[in-house]
Amino acid sequence: LNRSSDLWDFLFPPVCPHCGAPVATQGDWCKACFTDLLHIRHVPHKFLHYVDDVCVLAEYRGGLKSMIYDVKFNEKKEQSKGAAPFLVSYNFYMKYNESNIVNSNCKIMYDYIVPVPSSEKKKAKRGYNQVDLFFLEWAHSLWEIDRKNFKWLDCIYKFDTSRDMWGLTNKERHQNIDDAFVICADYKDIDFTNKNILIVDDIYTTGATIEAVAKVLQKHKALRIDALTLASGSF
């Protein structure tokens with residue numbers, strides 16, 4: 001038991017987050033539950049404004065809902081590994097799905113992957129931004145394969161908003177989050193001109209957060225802005 005992950009597996013034998021069946025390693029799902037939750041789909045364009053496309057990987061219910069909640073609010077960082085199988089499915093989807101083409105010659109290659117940030121207040125309380133836990137390792141794996149693209153760029157700063165988003169209506173969410181994001185001072189001179197950017201976040205609810213981040217990036221002349229989230233309910 002030389003590695004911390006081995007010790008964790010020894011102390012807490014890994015189980016499927018959805019049904020509790022034994023699985024090989026932390027973050028694995030049993031085949032039946034994974035198939036049940038995986039539902040790659042795109043948010044209808046009528047709901048989009050500043051973002052060009054939003055891809056959702058799974059249904060926000062059951063074990064996935066519990067996993068995201070535990071990582072965000074119960075400091076169970078280890079459970080964030082449960083996102084990995086869904087992101088692997090997204091890799092295959094992007095490779096083979098012909099609808100994901102910017103033009104007739106090439107599939108989308110994102111210059112930057114931009115995480116939706118937590119406010120400093122929430123980050124200090126949790127000790128981390130849950131979006132980093134879900135997506136950072138995956139983004140680095142893409143960048144290792146293609147070092148010209150998929151650079152993780154934590155370039156957005158979030159001001160503390162007046163109210164927590166979870167209890168707000170659609171209209172209230174947009175009002176609460178509008179103008180909450182800016183480019184970090186360290187990145188204020190970055191050139192996004194003609195760049196393809198992928199925003200990543202854990203949940204798509206009304207799209208208010210993603211749209212607010214996309215609005216900031218659009219002002220910096222990004223060519224295309226898409227988003228990827230782990231889960232969503234019905235649109």
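**Close-up views of a predicted model**

View 1. Leaving aside neighbours within four places in sequence, Asn196 touches Met109, Tyr110, Asp111, Tyr112, Leu223 and Arg224. Asn196 belongs to strand 7. With a relative accessible area of 12%, Asn196 falls under the 20% limit and is therefore buried. Its side chain comes to 3.4 Å from the backbone oxygen of Met109.

**View 2. The largest nonpolar core, with 38 residues.** Leu64, Tyr90, Phe135, Trp138, Val200, Leu228 and Leu230 have the most contacts inside this core. Two or more residues each come from helix 2 (31-37), strand 2 (53-59), helix 3 (62-73), helix 4 (84-96), helix 6 (130-145), strand 7 (196-204) and strand 8 (224-232). Helix 6 gives the largest share, six residues. Apart from neighbours within four places in sequence, Phe135 is in contact with Leu87, Trp152, Val200, Asp201, Asp202, Leu228, Thr229 and Leu230.

**View 3. Aromatic pairs, of which the whole structure has seven.** The ring centres of Phe34 and Phe86 are 4.7 Å apart; their planes meet at 45°, between the 30 and 60 degree limits, so this pair is classed as tilted. Phe34 sits in helix 2 and Phe86 in helix 4, and the pair links parts of the chain 52 residues apart. Phe34 and Phe86 are both buried. In the pair formed by Tyr112 and Phe192, the arrangement is edge-to-face, with 5.7 Å from centre to centre and 90° between the planes. Because Tyr112 is in strand 3 (residues 112-115) and Phe192 is in the loop between strand 6 (181-183) and strand 7, this pair ties together parts that lie 80 residues apart in sequence. Tyr112 and Phe192 are buried as well.

**View 4. Arg126 over the face of Phe73.** The distance from Arg126 to the ring centre of Phe73 is 5.3 Å.

**View 5. Helix 8 (residues 208-219) and the residue Lys221 just after it.** At 1.5 Å a residue, the twelve residues of helix 8 should span 16 Å, and the 17 Å between its end C-alpha atoms agrees with this. Ten of the twelve residues are buried, so helix 8 is largely enclosed by the rest of the structure. The buried residues are Ala208, Thr209, Ile210, Glu211, Ala212, Val213, Ala214, Lys215, Val216 and Leu217. Just after the helix, Lys221 has a positive phi of about 65°.

**View 6. Positive phi at Glu75 and Phe150.** Most residues other than glycine have a negative phi. Glu75 has a phi near 60° and lies in the loop between helix 3 and helix 4. The relative accessible area of Glu75 is 55%, over the 50% limit, so this residue counts as exposed. Phe150 has a phi near 65° and is placed in the loop between helix 6 and strand 4 (151-152). Phe150 is buried, at a relative accessible area of 12%.

How values were computed
Residues numbered from 1 in each chain as written. Predicted model: local features only at pLDDT ≥ 70, side-chain atom pairs only at ≥ 80, totals over all residues. Heavy atoms only, no water. Core = buried A, V, L, I, M, F, W, Y, C linked by side-chain atoms within 4.5 Å. Buried < 20%, exposed > 50% of the residue type's maximum accessible area, 1.4 Å probe, protein only. Helix = DSSP H or I, 4+ residues; strand = E, 2+ residues; numbered from the N terminus. Contact = heavy atoms within 4.5 Å. Polar contact = N/O pair within 3.5 Å; in protein donor to acceptor, adjacent residues only side chain to side chain. Expected span 1.5 Å × (residues − 1). Phe/Tyr/Trp six-rings, centres within 6.5 Å; stacked < 30°, edge-to-face > 60°. Lys NZ or Arg CZ within 6 Å of the ring centre and 35° of its normal.
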